[in-house]
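The following exercises concern one protein model. Please work through each task before reading its solution.

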Amino acid sequence: MKLGKAAKTYTLATQGIFSMGILTILGFVIGWFINKDSPWPIILAIVGLIFGLFSFITYLLYLLKEEEKEKKKEDLDGKEE
């Protein structure tokens, strides 16, 4: 099943927002349990945000490579006919 361009964009945006948000909250909660009076909640929230951003960028690059492979396959199929 092929998704339309709008569906792919929506999927990408949703995945990015969820990964960054969940990892940021998770980092903050872990830091809160370590010591709520120290800077650990903020530090771990920032680390979670960085990991979420990294996963979002990695997923974006994966989707771009997949799209490039599909275009090359379509070009090769078009030339063979």
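**Exercise 1.** In which helix does Ser 19 lie? Determine also whether Ser 19 is buried or exposed, and which residues Ser 19 touches beyond four places away in sequence.

*Solution.* The model is predicted. Step one places Ser 19 in helix H1, which covers residues 5-34. Step two considers accessibility: a residue is buried when its relative accessible area is under 20%. Ser 19 has a relative accessibility of 14% and therefore counts as buried. Step three turns to contacts: leaving out residues up to four places away in sequence, Ser 19 touches Gly 52, Ser 55 and Phe 56.

**Exercise 2.** Describe the secondary structure and the overall dimensions of the protein chain.

*Solution.* The protein chain contains 2 helices and 0 strands. Its radius of gyration is 19 Å, whereas the globule rule gives 12 Å for 81 residues; the chain is therefore more spread out than a compact globule. The extents of the C-alpha trace along the principal axes are about 70 × 15 × 15 Å.

**Exercise 3.** Characterise the burial, the contacts and the surface of the protein chain, and state how far apart the mean positions of its positive and negative charges are.

*Solution.* Of the 81 residues, 12% count as buried. Among contacts between residues at least 6 apart in sequence, 58% join residues at least 24 apart.

Note on methods. Residues numbered from 1 in each chain as written. Predicted model: local features only at pLDDT ≥ 70, side-chain atom pairs only at ≥ 80, totals over all residues. Heavy atoms only, no water. Helix = DSSP H or I, 4+ residues; strand = E, 2+ residues; numbered from the N terminus. Buried < 20%, exposed > 50% of the residue type's maximum accessible area, 1.4 Å probe, protein only. Contact = heavy atoms within 4.5 Å. Rg over C-alpha atoms; globule rule 2.2 N^0.38 Å. Areas by Shrake-Rupley, 256 points an atom, 1.4 Å probe, with all protein chains shown as cover. Lys, Arg positive; Asp, Glu negative; His and termini not counted. Charge placed at Lys NZ, Arg CZ, Asp CG, Glu CD.
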